[in-house]
Each structure stands twice: as structure tokens, then as C-alpha cells.
Amino acid sequence: MPHTITRRIIAAAGTTALAAAALVAAVVPAASQDLDAAPAAALDGGDSILNLFEWNWNSIAAECQGELADSGYTYVQTSPPQEHILGADASPGEADAWYIHYQPVSYQLESRLGTRAEYAAMIDTCEANGIGVIADVVINHMAAGSATETRYGSNGSEYRQFHYPAAGYDASDFHNTGSAYCEIQNYQNREEVQTCHLVGLNDLDTSQTDVRETIAAYLDDLTGLGVAGFRVDAAKHISATDLAAIMDLTSGDPYIVQEVIGAPGEPITEAEYTGIGDVQEFSYAYDLKNHINGGAAASNLLTLGESWGYTVPAGVFVANHDTERGPQTMSYQHGQDYLLGEAFMLAYPFGTPASYTGYAFSNTHQAPPLNGDGTVADVNCGSDAFTCIHRSPYMSGMAGFRAATAGQSVNHTWGSGDALAFGRGDAGHFVLNAGSGSITQTFTTSLADGAYIDVISGSTVNVSGGSFTATVAAKTALAIYTGNTSGGGDGGGSGEDCVNVSAHVTGTNMGDEVYLVGSIPQLGSWTPASGLHLSGATYPTWKGTVTIPSGTAFEYKYVIIRSGGAVVWESGANRSATVPSTGCLELSQTWNG
């Protein structure tokens, strides 16, 4: 599916005056900031981003050419591509931590995720499959370094504190060096947040013309390779005036989304940055967790939007690489609730959605799977720590729903407790059930009469006379749209070959979910949360249906995902089955304890 970028026009002003004003003072009260800068780009309402966190460039290229090609996702986001510190130079006891990518040594595109040539080839491959590339860029600071010891980055570039010759920086290019050195302690102090150093990371003086030009040259290098946009890391620590001036120096018209984490009472607000581009709305992710995995009714989400206090234009997400390691948002460890959050975000037309897929971890600094030489290993879904959760129809299938319903307003809303439904004009309809029991309801819709394939399950939904009736199991969703011909499993299949599952599973607790997981994409390729989710409406019998082409042979097992995210596999050898040439495969079985 081709991707497009639409220009967001911002009131024009003299950029020379803007730059001059920024040189006068790096810190300007919010009320007096003038951010009239070059136009930023906006993504269309049908666009969606998939953040492939810590995937190496070759694996992203393969995914663009494979699973993502027909998924509906129109952009992928890469981890920071620039040279970074070595894994051995991470904090003591945290060797090879993921965060080394957020400690730049130079702007050379050589990292443990791949080479410059591989990055360029990845962009070309993704573009050839209708998928643009957005780069996570770290431009607020450089790596933490010793004042006396010279170290070397992932491409061999030397560095130490305030000395990064491969990037063109010396001590004169940083805030608060020498006796003026300070680290951020008080987030109520604007100047401290934007000119002191963040946990030892050396803060660039972005009020200086040469620093701005150096950063802009790095961004231009990326767009010259075909990068379509940027997620600006730690944007809050760069004054909005400085960041606007940097972006004004860049060529082209990249999409921009900025990491600005707001908090009540703090002087730096998200609204200061909206003239530059989208701003990541962290409260959106917090609220999704509260309403799907917390104490608030999910049906309240039907009013979600600017009236909730969100900043616009917003970049929205269910989780990202920082938040999934904390308690405020959901993550892959929340199993089905995480998938429901992703599905809702892609179905509901607020903000620009960025889905997230990463790798399983047992501590907050854990590295992704690595090769013996310290480079990040190729992704092998189902056989390594990468979750590949994006292959679930709740994500890849729903990205197709978003694309198909672009520009259509929300209508025919219905809500009751932890269940909700809404239409997207006459193009689609979405139902979510975050509750503990199934719902059966007749829904009013503007869809034309006919048979539709549910994106999630692959089952047929019949619309007649402006309505349809459906039973939606606990912790599942339903999504239908005009023109869709597939659903279930990985979102593929013809809808003609079915596997009906009925499994007797005991030993589950409130909030636990049961999946059928197997060796083929329709069953998650051995990734538990991407397998077939079974309904517990007839507990202790768990049921579900999935579309798998006739003649397909596969191995499988039943899996329990506990409410806290722990995965329990049934014991014994893998089961095996083959889908018959006619009729459905019936699996009526009992959990192997």
C-alpha cells in the first residue's frame, strides 16, 4: 500500500529573524516563543507507523518485503542509526544495554544494527513495498564520557567528555562545561532542564549556529538516503526555539514527531512544540492502560480526544521502548490487553498512531539478541526473544482497517461497561470487548448490506438493513471494512479453509488467556501473544476459529498467558495436524498438564 505525506502549513515568518532571536537566548519563556518556522509534514489519516525497536536493518528490510508488504502499515520506525558507544561502556553491570543506541559518538551511520549501506538498502526495500522509513534521532546530547579516558564508538571514532571529533564537536559546542557543569535535578526549572546535562549525557548548545548546522546536516544525510521523517528523542531538553531553527535548516519536508513528556506544574509544555510537528502524547498511553487493563470502563474511550486534555497534533502509542519498561503503560507482557489497546488505537481516528514491537526482557536494561561480535542478531520470529507481536491481526490487520477507513468520521457509537463499538462512516465498523465475559449485540452501521470478513478472526459477518449481530468473546475485538477479503491468524488466508478449536483447559485464573500457538504465521510462528486467542465464554472449554489454507501441515501447542504476562506452555511433545482439502479441521482436545 503506498504511503503519502501531506504538508501541514504553518504561518510563515522570516526564518532569519527566528534564528537571530534564538541566538540571543537559548532559554525563552513559553509565552514569548515565536515558532513560525518552515512547514512540517503530516501523515494522512490512514497512515500508521510500526516501531521495530532494536531490529537490525537487514531484518527490517526482510519484514518490509515479507509480512509487512500487505499489512496496512505505511511506515516503519528504526532505532537510532548513528554511531554509538560500545556495549562494554554501558553502565556497570549493564553491558550491551539497549540504551547505548541513545548515546551518540558521531553521526556516521555505522552501528551494531548495521552499516550505512545496509541502512540505505533497507530504505530502498521498504519504499519498494510502499513503506516509508522514520528514524529515531538523538540530537539533544552526545554520549556520556570520561574527562580523561579516551574511548571508542561502534565505528571506531574516539570520544571523551565534551570531545567528539568525528561529529565535529569540542567543548565550545556544549552547555555548562568546566566549573559551570550541572546535571538536571529540578524539572520545575526550565533553564536547568534545557541546558544542564541529562544523567551525564553531554548537552549540546543548540543555540549556536554551528551546532544547529551540524545537526541539520545529519538529518539531511538521512533524508538524502530516503528517510521520510524523524522521531526526535528528548525534544523536551531542547528549547522549542532551537529545535524549530534546526528543522528550518533541513532540506525537504520530513514528518516530525517529538518526545516531550509533560507533567503538571512543569514550565515546559507539549504545546510549545506543536508548531514544529506532532508531539508524542504520553497521557494517551496511560489512559489506554487505565481503561483496558485498569479500573476505568473501556466504553469511556468513545469520547477520547482533545477534550481529555491531549495536545494536538499528537503522536499516539500504546507503549514505546521507555514506557514498556515501567508501570504506566501496557506492554507485550499484558498479553491480550496490549493487543486490544493496539487495535483500538488503529481503529479510532485520533492522532498519528505508532505501534510498537520489540523483544522480551527480564530486566530493564537487557540487550536484544546479539551475535558473537556484539552486533544485533537477525530477527527469527518464534525462535528468539523478538516478540514479533505486530504480526497479530490486532496490529497488522488493524493497520489495514485504518488505511481503508481513512477520512471517515466516527458514527454509530455504542458502549456498555468494558465493551464499545463505533463505525467509521460507511467504510468500516469496530467492536472491542475488554470485559471478562462475551457480549452479543445488534449494532447499527452505515456499511452496505453484504458479507464481510472480520479482520481479527477471519469469520464472516453479515450486514443487512443497516445492522449486524455479533457475539464478541471476552478480551477480543471485531473489525470489518469494505473491500477486506481476509482475516485471522496473521491477517491472511482466503476465508474458505477453517480450523475450529475447542480445548478443555483448567487451572486458569481471572484475567488469564488461552492461545493456540504453532509453527505457522496464522498461529503466531510460536510467538504466544500472536497465536489464535481462544474465548473462555464457555469455560473450562476455550474456543476459537482460524483460517488456514487447505493442505497446510503444522505443529502446535496450547498456551496460557497469565494476567501478569507470564507464559505457561502445556507439557509434552508438539501436537501436529493438517487442514483437510474440504471442510473444516476440528480440534477438540484437553490441555496436557
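User: Is the disulfide of cysteine 64 and cysteine 126 right-handed or left-handed?

Analyst: This is a predicted model. In it, a disulfide joins cysteine 64 to cysteine 126, with an S to S distance of 2.1 Å. The torsion about the S-S bond is about 85°, so this disulfide is right-handed.

User: How many residues apart in sequence are the parts that cysteine 64 and cysteine 126 tie together?

Analyst: Both cysteine 64 and cysteine 126 are buried. Cysteine 64 lies in helix 2 (residues 57-65) and cysteine 126 in helix 3 (residues 116-128). The parts the pair ties together are therefore apart in sequence by 62 residues.

User: Is the disulfide of cysteine 381 and cysteine 388 right-handed or left-handed?

Analyst: The sulfur atoms of cysteine 381 and cysteine 388 are 1.9 Å apart. Both residues are buried. The torsion about their S-S bond is about -85°, so the disulfide is left-handed.

User: Which residues is methionine 398 in contact with, leaving aside neighbours within four places in sequence?

Analyst: Methionine 398 is among the core residues that touch the most other members. With those sequence neighbours left aside, its contacts are Ala343, Leu346, Ala347, Pro393, Phe430, Val455, Ile456 and Ala479.

How values were computed
Residues numbered from 1 in each chain as written. Predicted model: local features only at pLDDT ≥ 70, side-chain atom pairs only at ≥ 80, totals over all residues. Heavy atoms only, no water. Core = buried A, V, L, I, M, F, W, Y, C linked by side-chain atoms within 4.5 Å. Buried < 20%, exposed > 50% of the residue type's maximum accessible area, 1.4 Å probe, protein only. Contact = heavy atoms within 4.5 Å. Disulfide = S-S within 2.5 Å. Helix = DSSP H or I, 4+ residues; strand = E, 2+ residues; numbered from the N terminus.
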